[in-house]
Amino acid sequence: MSSSSMLWIVTPYNIEISNFLSYGLPDNSSFLRAPSSSFDGRVKGKKKPRLSSLSFNSDMKYSCLGTSNNARNISVVSSLIASPTGEIAVSSEQRVYDVVLKQAALVKEQLRSNRDIDLKPDIIVPGTLSLLNEAYDRCREVCAEYAKTFYLGTLLMTPERRKAIWAIYVWCRRTDELVDGPNASHITPRALDRWESRLEDVFEGRAYDMLDAALSDTVARFPVDIQPFRDMIEGMRMDLRKSRYKNFDELYLYCYYVAGTVGLMSVPVMGIEPESQATTESIYSAALALGIANQLTNILRDVGEDARRGRVYLPQDELAQAGLSDEDIFAGKVTDKWRSFMKKQIQRARMFFDEAEKGVTQLSSASRWPVWASLLLYRQILDEIEANDYNNFTKRAYVSKVKKIVALPVAYARSIVGVSRSSPLVKT
Ligand SMILES: CC(C)=CCC/C(C)=C/CC/C(C)=C/CC/C(C)=C/[C@@H]1[C@@H](COP(=O)(O)OP(=O)(O)O)[C@]1(C)CC/C=C(\C)CC/C=C(\C)CCC=C(C)C
Ligand SMILES: [Mn+2]
């Protein structure tokens with residue numbers, strides 16, 4: 001479907017920025033939700049496993065993202081969990097990795113059949129191009145308003161790619177706003193089903209409003225798959241039904257849904273450096289790691305705020321191991337137990353950032369800066385939690401303007417370093 005023909009059905013609503021999160025959800029009761037993950041339980045890869053650099057000690061009972069398919073194998077084996085009834089369950093990590101493999105395979109396939117996405121010609125239907133430009137401009141405004149630093153970073157990207165990232169950003173923001181925004185108390189699982197049904201329409205070129213129209217155009221131009229978008233909605237469903245996470249496996253799945261998905265949505269737009277020797281899978285794994293790292297950081301920053309909403313996004317088993325409980329969190333007292341618990345949580349988030357770093361250099365050169373900037377800035381929130389002596393109950397950790405300004409040239413310097421054969425993601 002051409003991006004322009006899609007525009008025939010766009011209604012140019014006059015949407016104000018302050019109002020951009022409004023959504024005309026269709027009442028589609030016949031909608032059948034697709035499964036959120038296509039995991040089939042197969043063990044991937046044949047080579048000898050190598051331990052992932054992110055494996056946690058037995059205390060944490062978690063081995064995280066590997067740096068290659070080889071590394072992944074070890075987690076596949078260790079990710080088979082036997083239930084008390086003897087059934088073999090599959091870990092979240094493996095379920096998510098299956099999505100990563102699928103995304104990587106899809107993008108490879110689509111790029112093969114569409115060598116240069118930036119040169120995909122417009123089929124111009126009279127009058128529609130200016131509408132589309134207006135739609136992207138709305139996305140730009142929203143992005144500039146809600147994510148200033150990140151917006152600045154996108155300005156270095158090619159015009160095609162930056163517009164696409166704005167459109168994806170806006171869809172993510174709107175989705176999150178459904179469960180976190182002013183109308184959150186009215187949001188039901190059925191409303192999320194309708195949001196998903198609307199998403200499918202957007203992917204098929206039927207946009208409901210201008211912001212959708214921009215996304216519809218983006219997904220027609222870039223090899224972006226619907227699965228991570230669906231999975232983000234699944235994360236919002238999870239938020240509606242759940243306010244506690246038994247262990248890190250459960251939390252990992254939530255983090256994938258609401259944040260890891262952003263990495264998977266973004267890579268096909270950001271593009272991979274043509275010189276890159278890394279496997280597509282490893283780059284997607286790094287992108288996933290960045291999303292997880294960001295979300296874990298969000299969670300650690302917002303412990304007090306979430307607790308006041310009755311939510312605890314911390315692994316219950318790890319809290320118990322540290323001699324802590326929900327009551328301690330609601331009491332909001334910084335104790336030595338809390339400090340030592342937080343140290344471990346921060347360490348884990350940093351490991352995900354380290355994993356993500358390996359992939360940034362593999363992105364196309366113009367896309368690296370915003371990614372480096374967001375990585376460096378988000379990671380600094382962890383430093384600020386430490387600087388607040390782990391008081392994330394009543395003090396919000398934030399990165400000062402000065403530190404943000406300093407981070408930008410650092411990010412730029414990193415972004416101009418090209419891919420090297422010694423990169424940890426490169427096949428040897
Ligand atoms: C190889 C490699 C490293 C590639 C880079 C891949 C990449 C660009 C990854 C981006 C990761 C990223 C920015 C993830 C967002 C994580 C996040 C903060 C998610 C938030 C979820 C809900 O949390 P919560 O409700 O607790 O938070 P709030 O209090 O509401 O803030 C989200 C809010 C989900 C919605 C996500 C967004 C609005 C961000 C979408 C961002 C993009 C599409 C652009 C990403 C691009 C860059 C350059 C960062
Ligand atoms: Mn939110």
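Which helix gives the most residues to the shell around ligand 1? The structure is a predicted model, in which local features need pLDDT of at least 70, side-chain atom pairs count only at pLDDT 80 or more, and totals for chains, interfaces and linings use all residues. Residues are numbered from 1 along each chain as its sequence is written, while chains are lettered from A and ligands numbered from 1 in the order in which they are written.

The shell around ligand 1 comprises 30 residues, with Ala259, Val262, Ser266, Ala287 and Gly359 the closest; a residue is near a molecule if its C-beta atom, placed from the backbone, lies within 6 Å of it. Two or more residues each come from helices H5 (148-154), H6 (159-180), H10 (248-270), H11 (280-301), H15 (336-360) and H16 (365-387). The largest contribution, 8 residues, is that of H11. The shell contains 18 nonpolar, 9 polar and 3 charged residues, where Ala, Val, Leu, Ile, Met, Phe, Trp, Tyr, Cys and Pro count as nonpolar, Asp, Glu, Lys and Arg as charged, and the others, Gly among them, as polar.

The chain has 17 helices and 4 strands, taken as DSSP runs (helices H or I, at least four residues; strands E, at least two) numbered from the N terminus. Of its 428 residues, 44% are buried, that is, with 20 or more other C-beta atoms, placed from the backbone, within 10 Å of their own.

Arginine 221 lies in helix H8 (residues 210-221) and counts as buried because it has 21 C-beta neighbours inside 10 Å. Its C-alpha atom is separated by 40 Å from that of arginine 309, 88 residues apart along the chain.

Definitions and conventions: A residue is buried if 20 or more other C-beta atoms lie within 10 Å of its own, exposed if 12 or fewer, and partly exposed in between; C-beta atoms are placed from the backbone.
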